[in-house]
Amino acid sequence: MNSKTIGYIIKRLLLAVVTVWVVITVTFFVMHAVPGGPFMGEKAISEAAQKALEAKYGLDKPLFEQYITYLADIVTKFDFGPSLKQRGRDVVTVIADGMKTSVKLGVIAAAIALVVGVVLGSFAALRRNSIIDRIIMVLTTAFVSMPSFIMGSFLLIIFSIWLGWLPANGASSGGLVLPIVTLSLSPMAYITRLTRSSMLDVLGQDYIRTAKAKGVSRMKIIFGHALKNSLLPVITYFGPMLAYIVTGSLVVEQIFAVPGIGRAFVTSITGRDYPMIMGTTIILASLIVIMNLISDILYKIVDPRITLE
């Protein structure tokens with residue numbers, strides 16, 4: 001890498017730090033501005049006991065002091081604090097346990113979406129206006145427009161209830177098959193459409209016509225020129241999409257009872273588990289920022305003509 005590329009990466013890393021800090025700050029103050037508290041739902045808890053719990057977790061201190069203490073713990077010790085609902089467990093431990101499942105689920109789903117999407121999109125572009133192209137476009141339009149909770153419920157009813165081929169519980173053996181398919185369908189459809197439109201644009205460029213006029217083989221034109229140059233929009237989409245899938249689709253993990261980070265996030269919101277909400281939000285924001293940076297660097301690898309500034 002040259003000095004310009006290194007300088008760009010450093011600048012983006014500094015910007016990433018600022019972005020994550022803004023996310024932390026906004027989330028912290030908005031979360032505490034919502035009426036109620038993490039112990040309001042406790043059964044038969046007295047006011048004295050509630051105050052004792054707030055003192056134990058530092059919630060009785062002024063809000064700005066809580067904010068400074070929280071930032072200091074993150075920067076110096078990477079400590080998100082204890083979970084207020086899962087007693088005896090730290091937020092980092094809960095997130096780490098959830099990420100083991102979410103990462104496996106997300107990476108497999110993203111890989112399937114990328115490979116199948118690029119193949120279908122390329123095939124549709126090369127068979128433009130054919131019956132196959134129209135079928136692919138109809139299916140991908142349906143997958144893109146259908147919400148994940150509808151698709152997940154639909155697959156659950158067919159393959160778990162009617163046919164009984166796959167388990168409905170994501171924590172059981174083979175239980176990740178349906179969540180993976182559910183998570184991959186919408187991104188796969190979107191990547192298919194991106195690849196198709198981008199490849200159609202590339203196939204109409206002058207250098208493609210020149211290559212054909214020079215007698216370059218069709219396979220070399222497709223894989224050496226057209227496909228490579230049509231992947232830039234896919235790379236733009238794939239980075240944030242991977243971060244989103246890895247951190248877990250909240251609805252999909254709830255539908256299939258997958259013990260991932262998304263399910264833990266939903267539980268923390270309903271229970272007002274402040275440290276858990278903050279921890280999962282920070283992890284999600286950090287992953288999205290990092291994947292955006294990786295996507296920008298991949299631009300340079302795919303197309304050396306691009307200058308990072």
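Me: How do the residues of the lining of the largest pocket divide into nonpolar, polar and charged?

Reply: First, a word on the model: it is predicted, so local features need pLDDT of at least 70 and side-chain atom pairs count only at pLDDT 80 or more, while totals for chains, interfaces and linings use all residues. Residues are numbered from 1 along each chain as its sequence is written, and side-chain values use heavy atoms, with hydrogens and water left out. On classes, Ala, Val, Leu, Ile, Met, Phe, Trp, Tyr, Cys and Pro count as nonpolar, Asp, Glu, Lys and Arg as charged, and the others, Gly among them, as polar. Here the lining splits into 11 nonpolar, five polar and four charged residues.

Me: And what counts as a pocket?

Reply: Picture a 1 Å grid over the protein atoms alone: a pocket is an open set of points where a 1.4 Å probe fits, with protein on both sides within 12 Å along at least five of seven lines, and lining residues have an atom within 4 Å of a point. Points join across faces, edges and corners, and the volume is the space filled by probe spheres set on them. In this model the largest pocket holds about 420 Å³. Of its 20 lining residues, Tyr-57, Leu-59, Gln-66, Tyr-70 and Pro-275 lie nearest the centre.

Me: Which element gives the largest share of that lining?

Reply: Helices here are DSSP runs (H or I, at least four residues), numbered from the N terminus. The answer is α3, with four residues.

Me: How do I read the faces of α3?

Reply: An α-helix has 3.6 residues a turn, so residues three or four places apart point the same way. Buried means under 20% relative accessible area, exposed over 50%, and partly exposed in between, using a 1.4 Å probe and protein chains only. In α3, Gln-66, Tyr-67, Tyr-70, Leu-71 and Ile-74 are buried. Seen down the axis, these buried residues fall within an arc of 130 degrees (taken from the directions from the helix axis to the C-beta atoms), so they line one face of the helix. On the other side, Phe-64, Val-75, Thr-76 and Lys-77 are exposed.

Me: Is Ser-198 buried or exposed?

Reply: Ser-198, in helix α7, counts as buried, at 11% relative accessibility. Contact means heavy atoms within 4.5 Å; leaving out residues up to four places away in sequence, Ser-198 touches Asn-229, Ser-230 and Pro-233.

Methods:
Helices (H or I, at least four residues) and strands (E, at least two) are DSSP runs, numbered from the N terminus.
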